[in-house]
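Reader: I am new to this structure and would like to go through it in a few steps. Could you show it to me, please?

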Amino acid sequence: MNICVFLSAADLDDRYTRPARDFARLLGKGGHTLVWGGSDVGLMKVVADGVEEAGGRLLGVSVEFLAAKARTGVDEMVVAKDLAERKRLLLEKADAVVIMVGGTGTLDEATEILELKKHGHTDKPVVLLNTAGFYDGLKEQFRRMETEGFLPRPLTELVFFAEEPVGALAHLEESLGVE
């Protein structure tokens, strides 16, 4: 599978880097390809390192103004002209999406894929990896949106919430029929 991972490029505490590294190793050992923002810094670097060390492929999609932070020596690197094109390319190249911890950029990417799913423009599985309870508040907000009628589809059709990396990858493999 080509698994797009939306996540932070910040240097983060071990409570976030350890699970990200664990997920990356599982992805790589499974022979999957990481599709990510292409940066070689912070959590993005941690995940790319883990996938590469475990034998997976790396497909980066950077953007012109961040090209200086792009990882070299990857299997494939595309440089988009702007953030909108970057998001479009990341989703085009992916079979599935995992949302890890991140800031406003990650939240923007997450809500865009969920909006596309809500309207039936994609059926790619989406997993929100709730590392250390990072997305507890967002999870509660999504449930409120569903309960109060803001979502035309059940939340379970839009996103799967995983508390651990192994559950995230297992859900994707099951969703896509990968053995």
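Reader: Thank you. How many residues does helix α5 have, and what does it reach from its first C-alpha to its last?

Author: This is a predicted model. In it, helix α5 covers residues 136–147 and has 12 residues. The helix reaches 16 Å from its first C-alpha to its last, close to the 16 Å expected at 1.5 Å a residue.

Reader: Which residue with a positive phi follows α5?

Author: That residue is Gly 149, with a phi near 90°.

Reader: Let us turn to strand β6. Are Val 126 and Leu 128 buried or exposed?

Author: Both are buried, on one side of β6 (residues 126–129).

Reader: Which strand is joined to β6 by 3 bridges, with Ile 99 as a bridge partner?

Author: Strand β5 (residues 96–99) runs parallel to β6, and Ile 99 has Leu 128 as its partner. Strand β7 (residues 160–162) also pairs with β6 in the parallel sense, over 3 bridges. There, Leu 128 stands opposite Phe 161.

Reader: And what do β5, helix α4 and β6 make?

Author: They make a right-handed β-α-β unit, with α4 spanning residues 104–118.

Reader: A new topic: what is the volume of the largest pocket?

Author: The volume is about 340 Å³. The pocket is lined by 21 residues, and those nearest its centre include Arg 86, Gly 105 and Glu 109.

Reader: Which element gives the most to that lining?

Author: Helix α4 does, with 5 residues. The lining divides into 9 nonpolar, 7 polar and 5 charged residues.

Notes: Residues are numbered from 1 along each chain as its sequence is written. This is a predicted model: local features need pLDDT of at least 70, side-chain atom pairs count only at pLDDT 80 or more; totals for chains, interfaces and linings use all residues. Side-chain values use heavy atoms; hydrogens and water are left out. Helices (H or I, at least four residues) and strands (E, at least two) are DSSP runs, numbered from the N terminus. The expected span of a helix is 1.5 Å times one less than its number of residues. Buried means under 20% relative accessible area, exposed over 50%, partly exposed in between (1.4 Å probe, protein chains only). Two strands pair if DSSP finds at least two bridges between them. A crossover is right-handed if, with the strands pointing away from the viewer, the path from the first strand over the helix to the second runs clockwise. On a 1 Å grid over the protein atoms alone, a cavity is a set of points where a 1.4 Å probe fits but cannot get out, and a pocket is an open set with protein on both sides within 12 Å along at least five of seven lines; lining residues have an atom within 4 Å of a point. Grid points are joined across faces, edges and corners, and a volume is the space filled by probe spheres set on the points. Ala, Val, Leu, Ile, Met, Phe, Trp, Tyr, Cys and Pro count as nonpolar, Asp, Glu, Lys and Arg as charged, and the others, Gly among them, as polar.
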